[in-house]
Amino acid sequence: MAIRIPEEKINEIKQSVDIVEVISDYVQLKKQGRNYFGLCPFHGENTPSFSVSAEKQIFHCFGCGAGGNVFTFITEIEGVSFQEAAETIAKKGNVALDLEITKDPIENQLPKEHSLMIEAHELLAKFYHHLLLNTNEGAEALDYLLKRGFTKENIQNFRVGYSLPGWDFAVKYLENRGFSHEIMEKAGLISVREKDGSYFDRFRDRLMFPLHDSKGRIVAFSARALTEENQPKYLNTPETVLFNKSSLLYNYYNARSHIRKQGNVVLFEGFADVISADSAGVKNGVAVMGTALTEKHVQLLNRLTNSVTLCFDSDSAGEEAAYRSGLLLANYAIDINVAIMPDKLDPDDYIRKYGPEKFRENVIGNAQTWMAYKLHYFRKGKNLQNEGEKLSYIERALVEINELENPVERELYLRQLSEEFSLSLETLIEQQSLLSGSKFKKQQKKIEQRNTLQPKKKNQRLTAHLVAERQLLARMLRDEDLAYRIMEMLGDTTFHIDEHQAILTYLFGYYEEGNRPDPSLFLNYLPDKKLRTIVSEIEMLAINDEYSEKELEDYVSYVLKQPKLLMIKEKQAEQKAAERKNDFAKALEIAKEIIELKKSL
């Protein structure tokens with residue numbers, strides 16, 4: 001069971017830190033007026049819509065709607081529980097929590113067998129890491145890594161290790177710590193000999209790369225051979241209840257905050273590329289684990305960003321993998337760029353040959369758009385001096401260009417085709433229009449999908465009664481006595497926005513428990529993320545602490561009038577329906593009712 005932290009302690013923790021300083025560790029903030037603004041870490045954007053209020057100790061994104069207090073931010077950016085967030089913030093504020101916080105409440109919900117398997121992986125990872133860095137047995141493996149361009153910092157950050165060449169080191173090591181052979185085998189750490197039923201280590205004389213799940217727990221290993229004789233070159237943990245390579249991305253857990261901060265993820269083919277890129281300053285990289293990109297992988301990425309840069313090897317297999325991956329990502333309305341590796345190099349080789357700066361600027365910084373890459377891909381194996389193949393390529397290019405939603409992009413690529421093949425732009429547009437009929441519906445579906453998946457900008461005009469309800473809520477959140485007086489003024493009338501009424505219900509429950517007005521603390525009281533988002537948005541409204549009685553009465557009046565305004569709309573619809581049926585007597589009667597309702601406003 002998770003331990004409940006007392007409200008007084010939560011308040012003490014909150015007051016020990018400044019939300020601006022905490023968020024600045026993840027987001028570059030600039031002060032504008034009373035608030036601080038930056039690019040939202042929870043969705044990709046180019047214009048800052050993420051606002052942090054030092055005065056109110058809350059944040060809110062006007063782009064995707066994310067909002068809350070310092071606890072909410074750490075919970076969402078780190079993917080941890082409230083208790084873990086409280087522990088993190090308490091450390092930042094030098095507050096003694098004095099509670100035995102469960103490090104991972106989710107892990108406690110795992111079956112005992114699964115927890116033991118994770119524990120076994122953690123123990124071995126620590127020992128493998130120690131062997132590599134601190135023993136004579138691991139010296140040769142360490143030297144190999146350093147010659148390959150790895151640094152001590154790389155090795156420590158990614159907890160790279162070394163497994164001894166003996167047949168039963170892991171077997172005995174885990175046996176001595178109370179782990180059964182059954183657990184070790186199910187975890188994929190050991191194997192059994194068919195001839196005599198004895199057990200031996202799966203990984204021997206290999207570099208060991210721990211694989212973490214999305215919660216940061218080690219659930220598997222990928223092991224690289226140090227010699228040509230030791231085959232296969234790469235050996236992964238087999239599929240287990242904890243590890244499925246089709247749903248795990250290497251470095252996903254550690255890269256999360258960097259991906260959110262930059263609004264982009266770089267997808268590599270292997271973990272060596274990720275580690276090299278990390279040392280080159282590209283810390284938002286992840287890799288598939290010896291398999292093609294899957295829908296589960298894309299869903300993991302889509303939790304963090306809607307922008308992906310593919311950086312695969314430049315050989316034929318790498319180009320093919322980049323194209324297939326791009327097609328899958330495009331189905332999820334994700335913005336795609338492709339970093340082209342020159343000279344048939346992979347990212348790891350390129351960094352060692354040309355250095356980190358050139359990799360960041362010339363490779364990642366010059367990534368092609370998805371459309372540019374597709375045109376590059378369609379050229380593969382074609383002889384464009386041959387008329388038939390040239391026409392085939394142009395037609396394929398026109399079909400793809402036609403599916404672009406942005407007219408400027410369409411014209412850009414059409415002009416490129418026009419210049420390359422000495423064709424008039426008018427001719428290409430005419431040919432494109434002939435091809436477009438069958439593509440129209442597909443294009444519309446793609447646009448609808450993009451609109452569904454991308455964050456909606458909340459800039460639509462708010463109705464008068466909605467503004468009134470939010471203005472009243474803003475004052476009720478800050479003044480308990482005023483909250484009860486507004487309730488008396490409203491009488492039996494409730495707020496007409498369901499979420500506003502729910503917030504009001506929770507607010508009075510919050511006050512009835514003896515809590516003082518504090519919108520930032522009230523956010524912890526709300527159980528629903530959507531309600532917390534609305535409260536943080538309301539708190540970001542520019543509201544004067546001073547108010548006139550007339551102003552208050554006007555807002556209440558808008559709320560009280562709303563039922564009658566809705567009734568007038570209904571009556572007007574009935575009146576039009578009666579007129580269409582030529583029932584003018586009924587239409588006249590409804591018109592009189594409408595007049596009376598308007599008089600009562």
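Modeller: This is a predicted model. Start with the open sheet: 4 strands, in the order 6-9-10-11, with antiparallel pairing. Its edges are strand 6 (161-163) and strand 11 (234-236), and each of these pairs on one side only. From one strand to the next, the twist averages 35°.

Strand 10 (residues 218-225) meets strand 11 in the antiparallel sense, over 3 bridges. There, Leu 235 in strand 11 stands opposite Ala 223.

A helix covers part of this sheet. Helix 6 (residues 112-134) lies across strand 6, strand 9 (206-212) and strand 10. Relative to strand 10, helix 6 runs at about 35°.

Next, the rings. Phe 158, Phe 209, Tyr 234, Tyr 250 and Phe 271 are linked into a cluster by ring pairs. Over the whole structure, the search finds 28 aromatic pairs. One of them is stacked: Trp 370 with Tyr 373, at 6.2 Å centre to centre and 15° between the planes. Both residues belong to helix 17 (residues 370-378), 3 residues apart, or about one turn of the helix. Trp 370 counts as buried because its relative accessibility is 10%, under the 20% cut-off. Tyr 373 is buried too, with a relative accessible area of 2%.

Charges also sit over rings. The charged end of Arg 204 is placed over the ring of Trp 167, 3.9 Å from its centre. Arg 177 lies over the face of Tyr 173, 3.8 Å from the ring centre.

Technical notes:
Residues are numbered from 1 along each chain as its sequence is written. This is a predicted model: local features need pLDDT of at least 70, side-chain atom pairs count only at pLDDT 80 or more; totals for chains, interfaces and linings use all residues. Side-chain values use heavy atoms; hydrogens and water are left out. Two strands pair if DSSP finds at least two bridges between them. Helices (H or I, at least four residues) and strands (E, at least two) are DSSP runs, numbered from the N terminus. Axes are lines fitted to C-alpha atoms, for helices over the stretch in contact, and angles run from 0 to 180 degrees between N-to-C directions. Contact means heavy atoms within 4.5 Å. Rings of Phe, Tyr and Trp (its six-membered ring) pair if their centres lie within 6.5 Å; planes under 30 degrees apart count as stacked, over 60 as edge-to-face and the rest as tilted. Buried means under 20% relative accessible area, exposed over 50%, partly exposed in between (1.4 Å probe, protein chains only). A charge sits over a ring if NZ of Lys or CZ of Arg is within 6 Å of the ring centre and within 35 degrees of the ring normal.
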